[in-house]
Amino acid sequence: MSSVHGDSVFLIRTLEKILSDKETKRSQHQQLKKACEEALKEIKEEVKKRKNPNKSTSAVLPDPISGINADKYFMPFELACRSNVPRIIIASLDCIQKLVAYGHLRGDSVDPDNPDKRLIDKIIDTICGCFVGVQTE
């Protein structure tokens, strides 16, 4: 895959890893499972659209959509970080770190749960929430 698809690779691989974890199949993680499945479906559809662009777009001008909006798919990672399952938390944090480091996850949008805040605040709270307690020092 080209570097343009780097964001989707991180997202797809991590969501599939979370979904394949045996803990995700437990009833207490149904919301996480559903969020991962929905995000995975949407991302794969978006990747297909990028591979088959509309014929009416100019071949000379750059595509206005240069990648997937990772901000839109933050919810599964937030739920994964709250799962209390170390394997799932580590996978989620690893993906969040890569998406932020490569500029795919910016947090510029409004937090869907609190319109007075930006998504970056929720991202930071989610990451910090993973490191609470004696074992995370």
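Biologist: Which residues are linked with Arg82 in a network of salt bridges?

Modeller: This is a predicted model, where local features need pLDDT of at least 70, side-chain atom pairs count only at pLDDT 80 or more, and totals for chains, interfaces and linings use all residues. Residues are numbered from 1 along each chain as its sequence is written, and side-chain values use heavy atoms, with hydrogens and water left out. A salt bridge here is a side-chain nitrogen of Lys or Arg within 4 Å of a carboxyl oxygen of Asp or Glu. The network links Arg82 with Glu78, Asp111, Asp113 and Lys122.

Biologist: Is Glu23 buried or exposed?

Modeller: Buried means under 20% relative accessible area, exposed over 50%, and partly exposed in between, using a 1.4 Å probe and protein chains only. Glu23 has 15% relative accessibility, so Glu23 counts as buried.

Biologist: Which residue stands opposite Asp111 in S2?

Modeller: Strands are DSSP runs of E, at least two residues, numbered from the N terminus, and two strands pair if DSSP finds at least two bridges between them. S1 (residues 110–111) and S2 (residues 114–118) run antiparallel, joined by 2 bridges. They make a hairpin with 2 residues between them. Opposite Asp111 stands Asn114.

Key
Helices (H or I, at least four residues) and strands (E, at least two) are DSSP runs, numbered from the N terminus.
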